[in-house]
Amino acid sequence: MSGSSGEKTGAAVPWPAHEVSGRSNLWNYVFLLALAVFFLWSYWGSQVQLSLLFSREGGGQILAYIQKLFPPDLSGPVLREALQGAIETFAISLMGTLLSAAIALSVVFFASRNLIYSGLLYEMEPTLGWKRGLRLVPYLAAKGLLNLLRTVPEMLWALIFVFVVGLGPFAGVLALGVHTGGVLGKLFGEVLEDVDPQPVESLQSTGASKLQILLYGILPQVLPQFISYTLYRWEVNIRVAAILGFVGAGGLGQRIHIAISLFFENQLFTLIIAIYVLVTLVDYLSAYLRRKVT
Amino acid sequence: MRSPTLSRIPKSEKSLFSYLFALLFAVAFVDGWRRAEVNPLVFFDAENRGNLWKFISGMFPPDLSSDFLSLMIRPALETIQISVMGTIIAIAIGFPLGILGTRTFSIGGILNEADIQGSPLRRTWRFSAYFAARGLLSLFRSIPEFVWAFMFVRAVGLGPFSGVLAIAVAYGGMLGKVYSEIFEAANERPLEALQSTGASKLQVFIYGWFPQVLPNFVSYTLYRWECAVRASAVLGLVGAGGLGQQIEISMRMFNFHEVLTLLGILFVMVAAVDYISAKVRAML
Amino acid sequence: MRERVAMAYQYRLEKVGKVFGRRQIALARIDFVVQRGEKVALIGPSGAGKTSLFRILNCTLRPSSGKLWINGDEIESLHGRRLREVRRKIGTIYQQHNLVPRLKVIHNVLSGRLGRWSAFRSLASLMRPLEVELAWSALKQVGIEEKIFTRTDELSGGQQQRVAIARVLVQDPEVILADEPVSSVDPSLAASIVNLLIDIGRDTHKTLLMNLHSVDLALAYFPRVIGIKNGVALFDLSPDKIDDRLLEDLYSGHLPPSDQEKVAHAESNALAYP
């Protein structure tokens with residue numbers, strides 16, 4: 001067992017102060033204790049009953065529910081409904097994602113610091129005074145708008161738009177577009193702020209205007225990443241579009257809502273399979289396109 | 001007459017693929033426009049504009065009465081609690097499945113060379129574990145948490161526990177998939193060295209794999225927790241507890257000033273969680 | 001009867017070959033026998049298959065053809081726990097150290113004990129290191145005991161190589177395989193590390209096999225030198241029988257050994273994991 005050296009030193013190891021064994025590091029313990037309390041509090045508050053899942057009764061209930069799902073209802077009308085719902089969901093996700101890209105693109109240039117406010121493009125401009133303050137206004141407004149759009153989840157936007165424009169898939173498109181617009185705006189902004197300044201600098205030195213610099217120096221750099229992020233959000237959106245119908249915004253969700261409410265479990269299973277297939281297809285399509293772009 | 005030099009400029013080549021793709025996209029766009037009933041004109045319609053105005057003006061002033069606020073404390077905290085428990089169980093689901101679903105852990109790479117070769121039984125066993133884990137993860141994450149929540153409400157009843165389970169399963173699938181990507185990105189050289197000391201796979205994992213990827217692991221898990229807070233706020237719509245239930249009630253009762261308050265609470269909660277997880281990330 | 005004969009040897013290789021994929025031949029046909037306690041250096045141009053050979057010798061790869069006995073065990077039939085037991089008795093020092101960068105030195109050293117520890121004990125040791133004295137004395141032997149609680153990625157290349165050696169000391173194997181242990185440390189240190197490994201091998205009667213770029217070091221320190229080229233052993237002699245003509249044969253068509261270092265370095269980074 002002894003080390004290959006055969007030399008057995010005693011307890012000659014000089015433990016540094018922070019490694020001293022036996023003495024408790026108070027701060028660590030406080031932190032761990034706080035974490036444990038936080039978890040316990042969550043456990044208690046969310047009424048988790050894991051024992052229920054594994055008890056005969058609770059487990060039986062779940063098993064019974066799963067049994068009711070089988071077999072999926074594959075009759076003609078149900079399949080047609082599922083297909084129609086899937087296509088509608090696809091359409092909502094596509095239009096919603098396009099709208100979100102449009103929103104993000106129209107806001108993001110005001111929300112990235114290096115394009116609107118400071119940095120290379122503004123080296124020669126006055127650093128003080130009302131002009132600088134004036135540039136700050138659209139910057140802060142755009143940032144605030146993106147934050148607002150992002151913070152409210154899609155489902156709540158859907159509730160709001162159902163109220164404003166009425167039931168139907170268009171409310172879903174608007175909900176997706178607005179929320180994802182906020183998310184993409186933030187992501188696009190990060191890309192823009194990382195842009196390689198050298199092409200920008202050389203364009204500026206040829207006397208190009210800011211718009212020209214944007215078109216020739218910046219957009220070509222960031223476009224692949226913009227597209228890639230948009231495709232990634234599309235993958236997220238297809239999942240959301242599948243459930244927006246719960247609040248009346250069309251697509252598969254509406255049909256699922258009906259099937260669940262009326263206890264048509266076999267139809268529900270068919271619709272869930274439709275979601276699975278649709279989501280997987282979009283994942284593959286998006287991954288394929290992203291590879292093409294980058 | 002064309003100048004000879006001009007004709008020598010090569011034409012930029014567009015592949016068949018890009019034309020085909022553009023065509024497909026155009027068809028999808030036109031069809032999608034119709035199916036999704038996109039109609040920008042609705043905002044110029046007097047009734048819809050009236051609705052929008054009713055909603056916006058109805059939000060102000062937000063309901064800040066202490067009665068309402070004190071009623072909302074409980075659901076707000078419940079939302080946080082659901083997200084925490086949901087994320088913890090999601091880790092418990094995603095972590096083992098993610099490990100098994102890591103190609104370099106289960107079936108490929110230098111670590112499995114000697115182990116799998118010449119043993120068909122082991123090979124079958126490993127491959128089936130790998131594909132089973134991947135399949136489960138894909139099933140879990142492809143069904144939206146909302147649908148999971150609905151089914152759990154049916155199976156275990158109304159209340160926050162259904163929300164916890166919904167987040168646990170759906171996020172377990174997402175975490176597991178990303179965990180396996182994170183594990184796959186680990187440098188295999190130290191792992192090879194650990195294995196050559198006679199360590200088992202599990203020991204190699206504990207000593208080499210996990211320490212290497214710990215920052216990414218924690219960072220992504222925290223990101224998912226942030227998402228879970230938003231998700232659990234919404235799950236209330238199907239009766240799975242939390243803030244969502246209150247928002248739906250206020251919305252259906254047209255109490256928009258309450259909606260604004262609730263959105264404000266949600267905003268503060270999300271900001272707080274973002275702040276906490278940014279702090280934890282910085283600690284790494 | 002044959003098994004019993006093989007028992008006397010540490011390694012016995014019979015027509016060992018290794019092919020990656022379909023046709024990328026790393027080793028064509030290697031035969032040799034290494035006695036217990038023997039010290040052997042392997043030299044040869046980069047890409048000759050030395051690293052693949054070492055990966056076969058420490059049971060990371062399996063030969064595609066031929067037979068390999070370690071300590072009398074035919075390893076073709078070994079899997080799982082029994083394979084791990086064989087691996088435990090073979091310590092490997094890698095060219096790139098192959099340490100876990102984010103762990104403290106002590107954990108990297110103690111990872112040599114993993115073959116003896118249970119999974120639970122391994123986990124416990126990450127929380128609070130076990131067998132600290134063992135790690136300390138191993139680090140002392142390689143001369144960097146003061147770094148015991150430093151994070152490994154804060155050490156220099158030479159120090160990391162010493163940590164890797166300490167890991168093998170703690171593993172206390174029967175065989176030490178050192179794959180280019182000195183090609184990423186500066187030349188003045190190279191001789192001392194080779195010396196250290198030879199001393200360790202002699203003191204504890206371990207078998208030592210070392211891949212070396214430097215022909216001079218191989219000839220100066222080892223009683224037996226095997227030259228490998230294109231996946232076959234070109235010669236297997238004591239250093240006094242190796243003349244310039246043999247070396248020229250070994251490296252013909254390749255860069256001279258002194259220039260190979262850079263190539264080998266780049267190559268080992270690009271080395272495809274099968």
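Colleague: To begin with the secondary structure, how many helices and strands are there in chain C?

Modeller: This is a predicted model. Chain C has 11 helices and 10 strands. Of its 274 residues, 49% count as buried. Among the contacts in chain C with a separation of 6 or more, 70% are between residues 24 or more positions apart.

Colleague: Which residues of helix H3 of chain C are buried?

Modeller: The general idea comes before the case. An α-helix has 3.6 residues a turn, so residues three or four places apart point the same way. In helix H3 of chain C, residues 80-88, the buried residues are Arg84(C), Arg87(C) and Arg88(C). Viewed down the axis of H3(C), the buried residues fall within an arc of 100 degrees, so they line one face of the helix.

Colleague: What covers the buried residues of H3(C)?

Modeller: The cover includes strand E6 (90-93) of chain C and helix H10 (188-196) of chain B.

Colleague: Which residues have the most contacts inside the largest nonpolar core?

Modeller: They are Ala158(A) and Ala135(C), in a core of 218 residues. Helix H11 of chain B, residues 201-235, gives the most to this core, with 16 residues. Domain 1 (2-89 + 173-270) and domain 2 (100-169) of chain C both give residues to this core, so it lies between them.

Colleague: What does Ala135(C) touch, not counting residues up to four places away in sequence?

Modeller: With those set aside, Ala135(C) touches Ile106(C), Val109(C), Leu110(C), Ile148(C) and Val170(C).

Terms used
Residues are numbered from 1 along each chain as its sequence is written. Chains are lettered from A and ligands numbered from 1 in the order in which they are written. This is a predicted model: local features need pLDDT of at least 70, side-chain atom pairs count only at pLDDT 80 or more; totals for chains, interfaces and linings use all residues. A residue is buried if 20 or more other C-beta atoms lie within 10 Å of its own, exposed if 12 or fewer, and partly exposed in between; C-beta atoms are placed from the backbone. Helices (H or I, at least four residues) and strands (E, at least two) are DSSP runs, numbered from the N terminus. The arc is that of the directions from the helix axis to the C-beta atoms. Two residues are in contact if their C-beta atoms, placed from the backbone, lie within 7 Å. A nonpolar core is a set of buried Ala, Val, Leu, Ile, Met, Phe, Trp, Tyr and Cys residues joined through C-beta atoms within 7 Å. Domain bounds come from an automatic or database domain assignment.
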